[in-house]
Amino acid sequence: TGGYITLDSGYKNTGSCESAVTFLDGEKGILRYRGYTIEELAEKADFLEVAYLLIFGDLPKKEQLDKFHEDIKRNSLVDEDIHKILDAFPKAAHPMGVLSSLTSALTAFNPGSVDVTSEQDMYNSVVRILGKFPVLVAWTMRKKSGLPLDYGDKSLGYVENILKMMFKVPNEEYTQNPILVNALDKLLILHADHEQNCSTSTVRITGSSHAGLFASLSAGISALWGPLHGGANQAVLEMLEAIKEDGGDTKKYMAKAKDKNDPFRLMGFGHRVYKNFDPRARIIKKAADEVLGDLGVEDPILDIAKGLEKEALEDQYFVDRKLYPNVDFYSGIIYRAMGIPTEMFTVMFALGRLPGWIAQWREMRLRKEPIGRPRQLYIGETERSFEPISER
Ligand code: SDX
């Protein structure tokens, strides 16, 4: 059936798990982080606050959040030797492959991050990765564009500093231009966690062998890369571009999506769990209108996306299969308006999902869960004897 099988033999940890981090109801389109609705958090919180909530379970008091940010800033230096690994990649390398490798390489420069035996060890790993990961993201983007790296500015906010490192522009570009900061902050919150999705399950099961946090995150980044998962946000833009090149003929692509002999799928539509609107898609669609309006960007791709969405929501094939726009359908349009290259879209998804991955890994380790060992329904050959090659 493609899912995990929980065996009555009491076989522990067959891949399904208990978690207190995120609740979602796919039928009702509900998503809550530690009990708070995604709508309220996207409206009222900032990304670092939501990261703290996901990882430690409650919204932080001001002094807790300030200390958390200070600890993160103190751990944001990335060893210069990581540069050499970065420089060894060809320019054509996909940023997700680069990011997964650099994240795993962090273990070599932070040996203490492997076997976390105390809560303090765990906290140290958490602030190290929250400090260093945005640097790896920004460097991956700069390297892809052949641009000089930026080392950030500790006087800036967490998300402002990410933008500064990515675009290497004077601080006031962001401190005085809250549109981009607010847009990115909201997008990162909306991607921060999503229960036991493919990449989060990968982080949990990798961490269950007591591989370190950085190695577990590296595995999660690789899982997210796939076009059926986080890679969909890049695939959506490529699909919308193709439709635009094709004269905006959305009907042709709707027909392709319904043709059983055509492997094409309408990227950004459908979901393993949501059989109703993805609540994040609703918020991102509104944000896309606001950001493009604030930036004065007239992007025909947005109009094509809205036309495609309208057609799909009225199409019986899609209605019968409960295929609605998901989180990836509109996010790329905002990233593009912000000047982020298409190949970096899934990296931005990983940047948002980082606190969720950390929270789920930490929960699994604190609960001292056994090593993950999914079982199977065997559908192969029954016992048979070896035939010498002369008789085969
Ligand atoms: C994310 O799990 C998570 O939480 C993931 C995520 C997160 O935050 O971590 O929400 C992020 O990964 C969102 C999904 C991004 N992926 C895409 O947008 C890629 C396009 N979507 C599809 O590939 C698909 O919808 C999946 C992979 C997302 C879900 O696949 P399912 O639930 O296994 O659906 P299915 O393959 O069983 O399809 C059911 C039917 C099939 O038709 P029939 O065989 O019944 O006739 O729906 C059809 C499919 O062919 N179908 C689609 C379709 N998605 C499903 N047809 C056309 N276009 C699509 N996008």
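A nitrogen atom of the ligand lies 2.9 Å from a polar backbone atom of Leu 266. This is a predicted model, in which local features need pLDDT of at least 70 and side-chain atom pairs count only at pLDDT 80 or more, while totals for chains, interfaces and linings use all residues. Residues are numbered from 1 along each chain as its sequence is written, and side-chain values use heavy atoms, with hydrogens and water left out.

**The ligand and its surroundings**

- Gly 268 has a backbone N or O atom 2.8 Å from an oxygen atom of the ligand.
- The side chain of Arg 353 places an N or O atom 2.8 Å from an oxygen atom of the ligand.
- The ligand taken alone exposes 1100 Å², and the protein buries 79% of that (accessible areas by the Shrake-Rupley method with a 1.4 Å probe).
- The ligand is surrounded by 25 residues, the closest being His 194, Gly 268, His 271, Arg 280 and Arg 353 (a residue is near if one of its heavy atoms lies within 4 Å).
- The shell around the ligand consists of 10 nonpolar, 7 polar and 8 charged residues (Ala, Val, Leu, Ile, Met, Phe, Trp, Tyr, Cys and Pro count as nonpolar, Asp, Glu, Lys and Arg as charged, and the others, Gly among them, as polar).

**Helix 11 and its partners**

- Helix 5 (residues 95–109) and helix 11 (residues 213–225) have axes that come within 7 Å and cross at roughly 170° (axes are lines fitted to C-alpha atoms over the stretch in contact, with angles from 0 to 180 degrees between N-to-C directions).
- Helix 5 is therefore roughly antiparallel to helix 11 (angles under 35 degrees count as roughly parallel, over 145 as roughly antiparallel, 65 to 115 as roughly perpendicular and the rest as oblique).
- The residues in the contact of helix 5 with helix 11 are 9 nonpolar, 7 polar and no charged (contact means heavy atoms within 4.5 Å).
- Helix 6 (residues 119–144) packs against helix 11 at an angle of about 45°, with the axes 11 Å apart, so helix 6 and helix 11 are oblique to each other.
- Ser 125, Val 126, Arg 128, Ile 129 and Phe 133 of helix 6 make this contact with Leu 213, Phe 214, Leu 217 and Ile 221 of helix 11.
- The contact of helix 6 with helix 11 has 7 nonpolar, 1 polar and 1 charged residues.

**Helices 2 and 3**

- The axes of helix 2 (residues 47–56) and helix 3 (residues 62–74) come within 11 Å and cross at roughly 95°, so the two helices are roughly perpendicular to each other.

Conventions:
Helix = DSSP H or I, 4+ residues; strand = E, 2+ residues; numbered from the N terminus. Polar contact = N/O pair within 3.5 Å; in protein donor to acceptor, adjacent residues only side chain to side chain.
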